[in-house]
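Reader: I'm new to reading structures, and I'd like a close look at one single part. Could you pick a helix and walk me through what surrounds it?

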Amino acid sequence: MSFMENEFSIHKSHQVNTSIDAGQFAGSTELILITDHRTNKCRNRQQIIVNEKNGNYCRNYMRKIFRKKTLYKRLPILQWLPKYSRRDAIGDLIAGITVGLTVIPQGLAYSNVAGLPTQFGLYGSFMGCFVYVLLGTCKDSTVGSTAVASLLTYQVAKGKWERAVLLTFLTGFIEIFMSIFRLGFLVDFVSGPVSAGFTSAVAMIVSTSQIKNILGVQSEGSSFLQRWISMLNDIKNVRVNDAILGICCVAMLLGMRTLGKLKIGPKAQDEQNWKHKCVNKILWFMGVMRNAMLVIVCTAVTMYLESQGKHYFKLTGNVPEGLPSIALPPFSIAPRPANETYGVPEVKQETFFEMIENLGYGLIIVPMIAMLENISACKAFAKGKPIDATQELLAVGMANVANSLFQGYRANSGLARSAVNNASGVRTPLANLYIGLVVMLALVYLAKYFYYIPLSVLGAIIISAVIFQVQYHVIKPMWRSKRSDLLLSFLAFMACLVMPLEIGILVAIGVNLLFILYHAARPKIMLETMVSVDELKFLKITPDRCLIFPSAEFVRNLILKSGCQSSLPVVIDCTYIYGSDYTAAKVISSIVEDFKSRQHKIIFFNLKPSIAQIFEGLNAQLILCYNVDSLTYELKKLNGYEDNISNNKITNTIAVIKR
């Protein structure tokens with residue numbers, strides 16, 4: 001209920017809730033305006049004070065940066081390291097080793113999704129972890145290869161490692177700049193339905209990209225449909241051994257995942273004996289380590305078969321031993337001839353600017369989606385605590401810049417990997433240190449054994465991981481709450497499947513913004529014919545939101561039609577108008593002039609001073625009322641009543657006349 005209805009005894013003769021299309025109306029219309037009734041002298045004095053404060057802005061800003069509070073905020077390690085305990089160290093060590101053993105097979109598998117040689121998945125899985133120890137705010141979050149990052153890298157870099165590393169380097173700096181300018185709010189423009197549709201599409205596309213490894217067929221193309229068409233055309237070349245191994249591995253991984261969730265004994269831990277706890281821990285460990293265990297077993301079997309001269313499976317191939325050398329990312333691509341023996345295509349020369357042109361708008365889409373993925377992972381384990389999006393942007397941006405110096409491709413905070421970290425009892429971000437060390441040890445000592453890992457096993461690991469990212473569980477809640485959101489989610493899902501991923505997400509976000517703009521352009525207007533206790537009739541018009549350029553003409557046409565159909569004075573209740581702009585100010589001016597030409601009274605009630613400043617430059621003659629007494633006075637003047645209201649009751653009635 002508005003302020004006017006709270007203070008005025010009014011009988012509603014008639015009420016209409018409408019959102020009528022503006023196309024039905026003709027003539028001029030009225031707009032709601034907020035007026036600042038301070039004098040120019042008062043405003044000028046305040047502006048001088050503000051300008052004096054702004055004169056010291058740079059000095060104050062520098063002081064704000066170089067202070068202890070800011071240092072602790074931008075280096076979160078300073079907050080938890082002094083309080084680090086032995087219990088924290090044990091928890092972080094166990095969690096780090098557990099997640100590290102999970103990261104190794106995932107990194108090898110995700111490099112396939114990115115269309116890069118196998119080692120690049122591990123090159124991007126250790127330096128980012130080290131940086132996150134210093135700058136990260138979420139103890140559960142880990143930085144490494146993810147399905148979203150790998151798929152976006154493939155679609156933007158087109159399988160060229162030079163482009164992938166440069167993409168990592170540049171998007172890392174873009175994230176750093178976004179954190180400096182506090183652009184973390186941009187993630188709010190990707191709504192929940194769009195995010196759900198995008199994530200589901202990514203899961204389907206990534207699963208499709210790995211079916212080629214399971215079946216041993218060729219798969220080309222950048223979209224979902226193109227990959228399926230390519231695989232169906234090559235279905236006659238299915239490798240039976242790889243297909244059987246891959247399907248069995250998927251079944252085993254899903255079974256072990258279910259096994260890891262089983263609990264024996266009483267539900268309350270206090271009531272469980274040591275046998276129950278021991279068995280539950282073993283089951284949990286098997287569920288968490290299922291990827292590593294499967295890779296170890298299959299690699300051992302394959303090594304034995306290869307030693308017997310039996311080549312049953314398509315293998316990963318040679319992985320260079322040792323750590324990558326530190327160097328700046330490649331800023332150009334040297335030409336390389338094709339090698340038909342090993343199936344290596346020709347590589348054409350590219351300059352730095354040609355590489356930037358080929359990366360295109362992926363330089364904007366990749367950090368935006370990465371920010372969404374990182375913040376989602378942090379929120380999942382925040383337990384209601386606020387997330388510092390700016391600091392997370394800085395941490396992940398620096399992590400990717402560091403990755404690019406070691407030839408790593410794009411890394412984000414993965415939700416599934418963070419869940420393993422959380423379940424392993426992580427205590428602080430220091431667990432990332434142990435994750436990075438485990439990956440480095442694998443590159444130094446285990447790289448020669450990666451040769452024997454069947455590609456179908458890596459494909460099974462990816463499929464069993466991403467299939468649970470399909471957001472089918474949101475369908476029923478969306479249907480019950482707002483069905484248009486379900487339509488938007490389906491549109492995002494289909495757009496990302498049919499089009500390249502970066503274009504699909506842009507289309508979905510664009511349509512979502514159109515929904516928002518349409519909502520802003522069609523405010524609900526309440527029309528009420530009201531009668532006061534003094535038998536004074538008037539037409540009250542109440543918009544329910546701010547008046548900005550998309551809705552200006554709609555409101556104008558509605559007010560004009562209402563004014564033309566009735567000779568009653570019109571009162572605009574501006575209680576809910578909290579924003580406006582220049583276009584709306586022009587409409588207000590035209591409405592007032594139109595009412596004046598017809599000698600029709602129009603009054604603005606309860607206009608906010610902050611909005612009035614927008615209209616100050618227009619030569620509009622506005623009657624503004626801020627309480628019921630002043631409104632009664634204006635209505636009585638119109639009806640020829642004597643001025644029997646004392647001056648102290650009309651001080652809040654303001655006639656603003658610009659000459």
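Author: Let's take helix α20, which covers residues 431-446 in this predicted model. The helix has 16 residues and reaches 22 Å from its first C-alpha to its last, close to the 22 Å you'd expect at 1.5 Å a residue.

Now for which of its residues are tucked away. Buried in α20 are Ala431, Asn432, Tyr434, Ile435, Gly436, Val438, Val439, Met440, Ala442 and Leu443. While you look at that list, keep this in mind: an α-helix has 3.6 residues a turn, so residues three or four places apart point the same way.

What does the covering? The cover over the buried residues of α20 includes helices α6 (86-113), α7 (120-123), α8 (127-135) and α19 (415-423), along with strand β2 (143-144).

Two of those helices, α6 and α7, have a loop between them, and Gln119 is found there. Gln119 counts as buried because its relative accessibility is 11%, and the cut-off for buried is under 20%. Leaving aside residues up to four places away in sequence, Gln119 touches Val319 and Pro320.

For contrast, hop over to helix α24 (residues 501-521), which gives five residues, the largest share, to a nonpolar surface patch. That patch is about 750 Å², and its members include Phe185, Phe189, Leu487 and Leu513. Leu513 is found in α24, and it counts as partly exposed because its relative accessibility is 31%.

Key
Residues are numbered from 1 along each chain as its sequence is written. This is a predicted model: local features need pLDDT of at least 70, side-chain atom pairs count only at pLDDT 80 or more; totals for chains, interfaces and linings use all residues. Side-chain values use heavy atoms; hydrogens and water are left out. Patches are made of residues with over 30% relative accessible area and no salt bridge: like charges are joined within 9 Å, nonpolar side chains (Val, Leu, Ile, Met, Phe, Trp, Tyr) within 5 Å. Accessible areas come from the Shrake-Rupley method with a 1.4 Å probe; for residues, only the protein chains shown count as cover. A salt bridge is a side-chain nitrogen of Lys or Arg within 4 Å of a carboxyl oxygen of Asp or Glu. Helices (H or I, at least four residues) and strands (E, at least two) are DSSP runs, numbered from the N terminus. Buried means under 20% relative accessible area, exposed over 50%, partly exposed in between (1.4 Å probe, protein chains only). The expected span of a helix is 1.5 Å times one less than its number of residues. Contact means heavy atoms within 4.5 Å.
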